[in-house]
Amino acid sequence: MSEAVLENIRTRRVVREMTEQPVERAQIEAILEAARWAPSGGNLRPNRYIVIEDAETRRLIRLVSPGMFQKAPVLILICTNWEVAAEHNLPPTDRALLIDVGTAAQTMMLAAHALGLASGPVTSYSKEAVKMILNLPAAYSPEMFICIGHKAEIAQPGMRAWKKITWRDLTHWERFS
Ligand SMILES: Cc1cc2nc3c(=O)[nH]c(=O)nc-3n(C[C@H](O)[C@H](O)[C@H](O)COP(=O)(O)O)c2cc1C
């Protein structure tokens with residue numbers, strides 16, 4: 001096992017302050033390529049990705065996204081394509097669909113970190129407004145933005161300070177007695 005992989009997992013943090021510096025196209029493509037290798041329930045691959053670099057589109061999206069603190073130069077929207085789910089008789093409520101969003105999201109953020117880029121997920125936005133802004137096909141459900149950019153060297157707006165958790169706090173061995 002590569003220690004570099006574990007180090008990448010340990011040191012990735014959500015970044016909520018980014019500079020306006022653009023992200024190279026090759027780096028965006030490397031992140032999308034990494035997401036292609038994320039595990040997918042039944043290998044159905046229901047995720048579709050929308051890459052948004054246009055400044056006005058990003059501004060409109062920020063207006064309808066109270067949880068988007070970053071002014072990121074690149075947004076990748078992870079969508080579930082319900083047509084793919086329906087082809088395989090998966091109801092829209094099937095949990096594999098959201099789990100697929102999660103595996104892609106973490107893979108993208110780890111890939112961004114490995115490339116020296118900052119990233120942050122956002123789920124706090126108006127789905128209806130985002131659908132309209134992006135003119136999404138009816139079958140596309142916008143599930144999570146991944147903001148990508150370069151970290152600004154200023155203090156991040158404070159999130160709740162949780163007590164430091166370890167894996168032991170989160171794990172139970174064997175059956176509950
Ligand atoms: C499902 C999910 C939704 C999230 N939504 C947001 C969001 O809307 N805005 C935001 O700033 N961070 C969001 N986050 C990031 C978490 O707040 C962050 O991962 C957590 O505070 C731990 O920080 P770390 O990843 O840097 O360790 C989200 C994370 C997950 C997994």
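## Ligand shell and ring contacts

In this predicted model, R36 lies over the face of W37, at a distance of 4.0 Å from the ring centre. Elsewhere, a search of the whole structure for aromatic pairs finds 1 such pair, and the ligand is surrounded by 12 residues. The points below take up the ligand and then the rings.

**The ligand and its surroundings**

- Of the 12 residues that surround the ligand, the closest are R12, R13, V14, R16 and G67.
- By residue class, the shell around the ligand divides into 6 nonpolar, 3 polar and 3 charged residues.
- A polar side-chain atom of R16 is found 2.6 Å from an oxygen atom of the ligand, while a polar backbone atom of V14 lies 2.7 Å from an oxygen atom of the ligand.
- A nitrogen atom of the ligand is placed 2.9 Å from a polar backbone atom of G67.
- On its own the ligand has 630 Å² of accessible area, of which the protein covers 58%.

**The aromatic pair**

- A pair of aromatic rings is described by the distance of the centres together with the angle of the planes.
- The ring centres of Y125 and F145 are 4.9 Å apart and their planes stand at 75 degrees, which is over the 60 degrees required, so the pair is edge-to-face.
- The pair links distant parts of the chain, 20 residues apart, with Y125 in the loop between β3 (118–122) and α6 (127–134) and F145 in strand β4 (residues 140–149).
- Both members of the pair, Y125 and F145, are buried.

Notes
Residues are numbered from 1 along each chain as its sequence is written. This is a predicted model: local features need pLDDT of at least 70, side-chain atom pairs count only at pLDDT 80 or more; totals for chains, interfaces and linings use all residues. Side-chain values use heavy atoms; hydrogens and water are left out. A residue is near a molecule or strand if one of its heavy atoms lies within 4 Å of it. A polar contact is a pair of N or O atoms within 3.5 Å; within protein, one must be able to donate a hydrogen and the other to accept it, and residues adjacent in sequence count only if both atoms are side-chain atoms. Accessible areas come from the Shrake-Rupley method with a 1.4 Å probe; for residues, only the protein chains shown count as cover. Ala, Val, Leu, Ile, Met, Phe, Trp, Tyr, Cys and Pro count as nonpolar, Asp, Glu, Lys and Arg as charged, and the others, Gly among them, as polar. Rings of Phe, Tyr and Trp (its six-membered ring) pair if their centres lie within 6.5 Å; planes under 30 degrees apart count as stacked, over 60 as edge-to-face and the rest as tilted. Helices (H or I, at least four residues) and strands (E, at least two) are DSSP runs, numbered from the N terminus. Buried means under 20% relative accessible area, exposed over 50%, partly exposed in between (1.4 Å probe, protein chains only). A charge sits over a ring if NZ of Lys or CZ of Arg is within 6 Å of the ring centre and within 35 degrees of the ring normal.
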